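Keep the sequence at hand.

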Amino acid sequence: MHRFSLGTLLAGAVCGHQRAVRQWRSPPPKAAYAALIVGGGGHGLATAYYLAKEHGLRDVAVLEKGWIGGGNTGRNTTIIRSNYLQQESMGLYEHALKLWEGLAHELNYNVMFSQRGVLMLAHNEHDVRSLKRHVYANRLNGIDNEWLTPEEAKAICPPLNISPTLRYRVVGAALQQRGGVARHDAVAWGYARAADAMGVDIIENCEVLGFMRDPAGAIAGLETSLGPIRAARVGVVAAGHTSVVLARAGLKLPLESFPLQALVSEPVKPVFPSVVMSNTIHAYISQSDKGELVIGAGTDQYVSYSQRGGLHIAAHTLAAICELFPQFARLRMLRNWGGIVDVTPDRSPIIGLTPIPGLYVNCGWGTGGFKATPGSGHVFAHTLAKGEPHPIAVPFAIDRFATGRLIDEAAAAAVAH
Amino acid sequence: MLLIPCPYCGPRPEIEFRCGGEAHIARPKEPVTIGDVAWGDYLFVRTNPKGVHAERWVHTHGCRRWFNALRDTLSDRILATYAVGEHRPDRPR
């Protein structure tokens with residue numbers, strides 16, 4: 001692997017960065033692998049990386065229908081936090097946040113992880129109680145979260161309008177200082193590069209068309225658009241298209257796919273130092289290192305794979321943004337897009353085994369999967385390597401929809417959950 | 001925003017409607033005896049197709065009546081609407 005350092009950066013600067021080298025191979029698929037990952041987004045690539053690194057399983061291929069990081073990994077608003085309410089969720093997202101904190105060093109790749117703090121605003125008595133409950137639950141579990149007055153929130157994020165005359169005035173906020181943002185593309189590229197260096201094959205433009213089964217019914221491989229590939233272990237990490245992929249194995253899951261929108265403004269100088277979210281009036285916003293304000297809207301109300309949402313959904317969020325930050329009202333929006341998110345009934349992911357031996361699934365991350373990328377890959381690699389769930393992933397098994405032991409983050413977590 | 005042809009009021013903008021999710025999911029006749037897996041399937045498992053989807057809509061800010069629609073989930077084009085209780089019509093062209 002081409003290692004990056006201050007020396008390589010200076011050498012690159014001297015020659016105008018004209019000598020860039022490819023960071024991962026683009027091999028044709030072999031006839032067989034020890035394990036196959038379906039889906040080359042952040043979660044799939046992270047799974048392959050941790051399979052190779054932690055479990056020594058290097059005979060692995062990642063199959064991606066399009067290009068790596070081109071789905072939801074390249075479409076989300078890159079917010080990272082672990083201030084969830086339920087104990088199981090806190091375990092999973094805090095596991096991910098701890099991995100984020102060392103990720104750039106570990107991958108030798110700058111994922112631009114910036115712990116600039118995530119502010120969640122309260123606008124009424126119910127919000128105050130709910131967010132304080134989150135703060136206390138988080139602190140009991142060793143996760144940082146603190147309660148701020150409106151003035152303290154404004155000190156953290158000066159553009160915030162805390163005027164008492166607002167239609168939905170800010171009455172307080174919860175702050176997770178360790179939360180923040182990362183550069184989404186760099187996460188996919190960093191994992192791809194590090195996994196490739198350990199022997200993982202990353203195969204783009206390869207769509208899964210069907211599942212091969214042995215006489216006992218277990219997984220024997222995949223039929224793909226590049227021909228059959230044999231493997232005894234297959235992990236499906238296909239986000240919004242999980243239902244489509246698994247329908248080809250005859251499986252139906254408790255998932256529905258919805259378009260989730262985001263938009264960015266024209267780039268401006270640094271004006272916005274943290275991440276701000278509001279459940280009640282539905283807005284979340286941060287500023288990217290390029291200077292664009294990155295704004296997240298909600299999901300449409302109907303199942304769709306169209307990768308674009310209704311304009312009224314985005315307009316609703318922009319109205320809220322303009323109320324909280326009136327100085328942004330004259331900014332022009334540069335781009336608006338949608339990604340397809342797979343939502344479970346309890347708004348918590350499904351990680352684990354399926355009824356088909358050798359077939360594993362990691363899906364249902366809904367509107368909040370990016371923040372979990374390292375943790376998701378880490379626990380799913382364990383699940384694939386050992387054939388049993390990682391201790392952190394045990395509560396997220398698919399059987400919870402039969403036992404009724406749901407992990408209800410629906411009303412408890414952030415915007416759009 | 002979708003333009004939804006309400007069978008009772010004609011085409012109206014989507015914000016007048018609420019989507020009620022997948023249609024034709026029948027409540028099991030004997031919930032006590034079917035077991036937890038089948039009950040969980042009834043409550044939670046959905047077809048979630050990339051293609052034609054039969055779904056329920058209610059014209060909340062209009063006639064307030066429920067109806068079913070066939071919609072292509074890739075193009076979001078509504079292919080047909082029909083009354084609650086009717087069988088799913090054959091897929092139109």
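The model is predicted.

By that numbering, N48(B) falls in the loop between α1 and β4 (52–58) of chain B. Its phi is near 50°, a positive value in a residue other than glycine. Most residues other than glycine have a negative phi. Is N48(B) buried or exposed? N48(B) counts as buried, because its relative accessibility is 2% and the cut-off for buried is under 20%.

H24(B) also has a positive phi, near 65°, and is not a glycine. Its loop runs between β3 (18–22) and α1 (36–44) of chain B. H24(B) counts as partly exposed because its relative accessibility is 43%.

At 0% relative accessibility, T73(B) is buried. What does T73(B) touch, leaving aside its neighbours within four places in sequence? In chain A, T73(B) is in contact with V303(A), S304(A), Y305(A) and S306(A). In chain B, the partners are P49(B), K50(B), G51(B) and H53(B).

Now step back to chain B as a whole. It has one helix and six strands. Along the sequence they follow the pattern β-β-β-α-β-β-β. The C-alpha atoms fill a box of roughly 45 × 30 × 20 Å, taken along the principal axes. Of the 93 residues of chain B, 39% count as buried. Take the contacts in chain B with a separation of 6 or more: residues 24 or more positions apart account for 46% of them.

Turn to chain A and its helix packing. The axes of α2(A), residues 42–55, and α6(A), residues 184–197, come within 9 Å and cross at roughly 30°. That makes α2(A) roughly parallel to α6(A), because angles under 35 degrees count as such. The crossing is left-handed. On the α2(A) side the contact is made by G42(A), L45(A), A46(A), A48(A), Y49(A) and Y50(A). On the α6(A) side it is made by A188(A), Y191(A), A192(A), A194(A) and A195(A). These residues divide into ten nonpolar, one polar and no charged.

Helix α6(A) also meets α3(A). Their axes come within 10 Å and cross at roughly 50°. That makes α3(A) oblique to α6(A). This crossing is left-handed. W100(A), L103(A) and L107(A) of α3(A) contact V187(A), G190(A), Y191(A), R193(A) and A194(A) of α6(A). The division is six nonpolar, one polar and one charged.

Now the cores. In soluble globular proteins, nonpolar side chains tend to be buried together. Which members of the largest nonpolar core touch the most other members? Of its 50 residues, they are W100(A) and Y191(A). The elements of chain A that give two or more residues to this core are β1 (35–38), α2, β2 (60–63), α3 (87–107), α6 and α9 (373–386). Leaving aside its neighbours within four places in sequence, W100(A) is in contact with I80(A), F113(A), A182(A), V187(A), F370(A), K371(A), T373(A) and P374(A).

Notes:
Residues numbered from 1 in each chain as written. Chains lettered and ligands numbered in written order. Predicted model: local features only at pLDDT ≥ 70, side-chain atom pairs only at ≥ 80, totals over all residues. Heavy atoms only, no water. Axes fitted to C-alpha atoms, helices over the stretch in contact; angles between N-to-C directions. Helix = DSSP H or I, 4+ residues; strand = E, 2+ residues; numbered from the N terminus. Parallel < 35°, antiparallel > 145°, perpendicular 65-115°, else oblique. Left-handed = near helix turned anticlockwise from the far one by under 90°. Contact = heavy atoms within 4.5 Å. Nonpolar A, V, L, I, M, F, W, Y, C, P; charged D, E, K, R; others polar. Core = buried A, V, L, I, M, F, W, Y, C linked by side-chain atoms within 4.5 Å. Buried < 20%, exposed > 50% of the residue type's maximum accessible area, 1.4 Å probe, protein only.
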